[in-house]
Every structure is written in structure tokens, then in C-alpha cells.
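Take the sequence and the model side by side.

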Amino acid sequence: MDRIAITGGFRLEGQLAISGAKNAALPLMCASLLSAETLTLSNLPHLADISTLKTLLEGHGVKTKVEDDGQTIANKGQTISFTTPEITSTVAPYDIVRKMRASILVLGPLLARMGEATVSLPGGCAIGNRPIDLHLKGFEEMGATIELEEGYVRAVAPGGRLKGGIVNFPTVSVGATENIVMAATLASGTTLIENAAREPEISDLVLCLNAMGAKISGIGTKTLKVIGVDRLHSAHHSVMPDRIETGSYAVAAAMTQGEIELIGSNLLDVMTGTVGVLKSAGLDFTPTDNGVLVKLGRDKVKGINVTTQPYPGFPTDMQAQVMAMMTLCDGASVIDETIFENRFMHVPELTRMGADITIRGSSAMVRGVEHLLGAPVMATDLRASMSLVLAGLVADRQTFVNRIYHLDRGYERLVEKLSACGAHIIREDGKGI
Ligand code: UD1
């Protein structure tokens, strides 16, 4: 298996282009199932999750065409068209769904267009139990019957079409909001989604659905109103920039006492929760013509308390990276994880690198230390992997990050981007290790 080798201690400086957001791209690709006409998506990142979902969609009858592979200009995303004249299968098999939980997002579009869908249950994952009950309750509110059998969830809309209804989520869920909003576009009547998640990736999805002819109002608010239409049509949509990638590289700039210009439009607008926390920790953000310049405005990162929250709060997907940063802070930091119950899997690895972290339930107390020391480390999920890369950038001597397939799922050209800013980081072919 490949691994990443990092020699720490080099200041990062330069420009780094932010890719299209994985978490926006995945639901947008699923939206292509809703129409017989072509949905063209540009600024799609080159990531394993995008390829996995493309394969899943092709199994449902989606014809995909890479219009531009984005390889000619450095750091340009790819443009792919998705056309689904007919759905050839309404079954999403275990073999693909188990690789990527976001596969559950085909359920809403398939059910809306075909009146039935059978999707493998995604199962647990490293960061927690992650049930899909909110998705299923939402579909039931829209008239669907749900049965669970042999590890699959089968949803059927009586009469072949979902009905509008009121879906009031007891807990904010990004995926459930996306699934229901997509399903509601083709339902008969009006659907009100209350306590909807407000993540920018949902707004990006809603913008695209409206460009396809959907009638959705309340964008960016807790209540989305969807007036069902008979069909959606073709559209072209450019995927929004990745706010988690942006935040991760902002942390890299601060930890290495560097200065990085993150290139991309509207970066600050989509990451308010993250920027608020990072500013309190001492980072400076200066808007530029092409993006935003990030550096640490003091000698050391300031220890501050951080709590993960749904958007517009501080995102759970930045928790591990900020914890890596806090290992070297001035003072101490308490990090509370309120979204996922098991999202401190990076802590034992950071501790092996010399960090001083104590976990109590869903809180982690991080006391700043003077140095981290490189070590072979192993990550269990995508963002935890990034926290180990960040720690490796500043640790004395060498760090080897194993199981980097997690990083391949969510950080486009990570080694290339960091090397261009002066990091001593290489990907080593697993064959010789
Ligand atoms: C999405 C993101 C993920 C991010 C998470 C929270 C994608 C592809 N993934 O995941 O990177 O970490 O939002 O910002 O966009 N829950 C239930 N029942 C459900 C659904 C969720 O109890 O039916 C719980 C979850 O276990 C979790 C919380 O709700 O505790 C939030 O999860 P949710 O917002 O649904 O996360 P995802 O959409 O899976």
C-alpha cells in the first residue's frame, strides 16, 4: 500500500489552488438521475469518491462523458456530462455503497423518478454509527413505504410518485436534507423541509436543481420549500470550491509559520465558521484578487476552545486539522465534538508524535507542546489523515502516513499542491515498502 513520507520543518509559501468541493460534487452528480436530459458539471475534483460514484451512477443507466479531463491546465477540475435517458436499474449494490456512504444519495432521485429504489444500507464507519433513519422518515412523510431486508432498504412510492409533505428533521442532517430536496423536486404538490441543514454544499445543490427547472425557495435557510414539477431539464453547473480543503491548507500555512495564497473565488464566504475559529487562534486572512492570503499573525497559535456545530458553526470536518494545529498552541485548547460520537481516532496517532491530548467523552483537552516528533502513523478516516499530514509538516524528522487511500478520497493532488509550496513530502510506492 502507498504511503506519504514527510520531512517536517519547512515553511510553506506560495500559491495553492483550491479544488471543487467533494461534498458538493457528490449530491450534484446524483441529481443527474432526476432528468432524462444532460447535466454537465464542471470543476469536479479528481478524487476516488468521484470515480466511485460515477461507477455507481453508470450502473443505474447514467451515460457519462468526460468533456474535459482538466489535465491540460494545472489544478483545473474536470468537466463531465451525465445523461440518463432511462434508469436501467433501481438497485444500488452493497459492493459500491460500502465504499462510500454518500451513495445513499441516489435513493431520493431514484425514488422520485422511478417510484421505487433499493439501496444497500451503508453500515457503520470509522467516525461513528451514522444511521440513515432521518432520510427514511423523510421519504415516509412523502408517502413512501420503506422495508428493510437482507441489508437493503427498499422504498416504494404508491402510485409511482412521491407526494409533497412536511418533513421536519429532529436533528440537522446534511445528507438527509439533500436526499429529500432532490426527491421533492419531482413529487406531486409542495414539500416543506423544516430544520434543513444550511451547509453551502446544499445551497450549491439547490442552485443546480433550480437551473434544471426545479422550484425551490428558502436557499441557505432552515426551511426549504419545494414545489414539485413534472420533469427537470438539462443544465450546466460549476461545483463550488472546497471549504474543508481551504481550511486545511489555511491550517498548514499557520502551523509552518508560512504564507499561502489560496486561489479560488468566494472562499471566505463559504467558510465563515472555520474563519471565525482560525482568526481567534491568530490566523490572518487577507482577500486578494484571486482568493485569500493566509498567515499566522503571531509567534504561536493561540489555544482556544472549539465546538463543532452544523453550518454556519465550526464544521466537524475541520476538527481533526484544528486539533493538529492546537498540539503546538500557546496554552491549551478544549475541542468538543458534537456531531459524530467517535471522531477522535486521530488522537492516539497525534499522541504518538508527542502531542499532549486527553479525551473525556466527546471533549479533547489539548495542551500545547514545544515539538512534535515524526513517526509512522495510520489514519482511519479522511480528515484524520489530513491532521497527520499537517502534524508531519512541522514534526522533527520524518513522518510516514499510511493508509492514504483515505486522502485519495478527498484531497485532490495533495502531494503536488504542498510540494509546490515548499513542503518536503512524497508519495512512496507501496511495492517497495
Ligand atoms: C456530511 C458530510 C460529512 C460531514 C457531515 C457533517 C458529505 C458527503 N458528507 O455527512 O463530510 O462530516 O455531513 O457535516 O457531504 N444522523 C442521524 N440519522 C440520519 C442522518 C444523520 O442520526 O439519518 C446523524 C449522524 O449520525 C450525525 C449527524 O446526524 O451524528 C449529522 O450527520 P449528517 O449531517 O447526516 O452527515 P452526512 O450527510 O452523512
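Contact here means heavy atoms within 4.5 Å. By that criterion, 25 residues of domain 1 are in contact with 21 residues of domain 2. Domain 1 covers 3-18 + 241-432, and domain 2 covers 22-238; these bounds come from an automatic or database domain assignment. The two domain centres, taken over C-alpha atoms, are separated by 30 Å.

The model is predicted: local features need pLDDT of at least 70, side-chain atom pairs count only at pLDDT 80 or more, and totals for chains, interfaces and linings use all residues. Residues are numbered from 1 along each chain as its sequence is written, and side-chain values use heavy atoms, with hydrogens and water left out.

Start with helix 1, residues 22-31. Helices (H or I, at least four residues) and strands (E, at least two) are DSSP runs, numbered from the N terminus. Nine of the 10 residues in helix 1 are buried. Buried means under 20% relative accessible area, exposed over 50%, and partly exposed in between, with a 1.4 Å probe and protein chains only. The buried set includes Lys-22, Pro-27, Met-29 and Cys-30.

Next comes a sheet. Strands of a sheet pair through backbone hydrogen bonds, either parallel or antiparallel. Two strands count as paired if DSSP finds at least two bridges between them. Four strands form an open sheet in the order 6-7-9-8, with mixed pairing. Strand 6 (91-92) and strand 8 are the edges, each pairing on one side only.

Follow strand 9, residues 152-156. Five bridges join strand 9 to strand 7 (residues 116-120), and the two run antiparallel. Strand 8 (residues 145-149) is also antiparallel to strand 9, again with five bridges. Which residues of strand 9 are buried? Val-153 and Ala-155 are, and they point to one face. Arg-154, in turn, stands opposite Glu-147. The hairpin of strand 8 and strand 9 has two residues between the strands, and Glu-150 takes a positive phi near 50° there.

Now look at two single residues. Val-270 lies in the loop between strand 15 (259-263) and helix 9 (272-280). Val-270 has a relative accessible area of 13%, so it is buried. Beyond four places in sequence, Val-270 touches Pro-200, Met-240, Arg-243 and Tyr-311. Arg-243 is 27 residues away along the chain, yet the two C-alpha atoms are separated by 6.3 Å.

Thr-399 is in strand 23 (residues 398-402). Its relative accessible area is 0%, so Thr-399 is buried. Leaving aside neighbours within four places in sequence, its contacts include Ile-4, Ala-5, Ile-6, Met-353 and Leu-388. Gly-8 is 391 residues from Thr-399 in sequence, but 7.6 Å away in space, C-alpha to C-alpha.

Of its 15 lining residues, Met-255, Gln-257, Lys-300, Leu-328 and Glu-370 are the closest to its centre. On a 1 Å grid over the protein atoms alone, a pocket is an open set of points where a 1.4 Å probe fits, with protein on both sides within 12 Å along at least five of seven lines; lining residues have an atom within 4 Å of a point.
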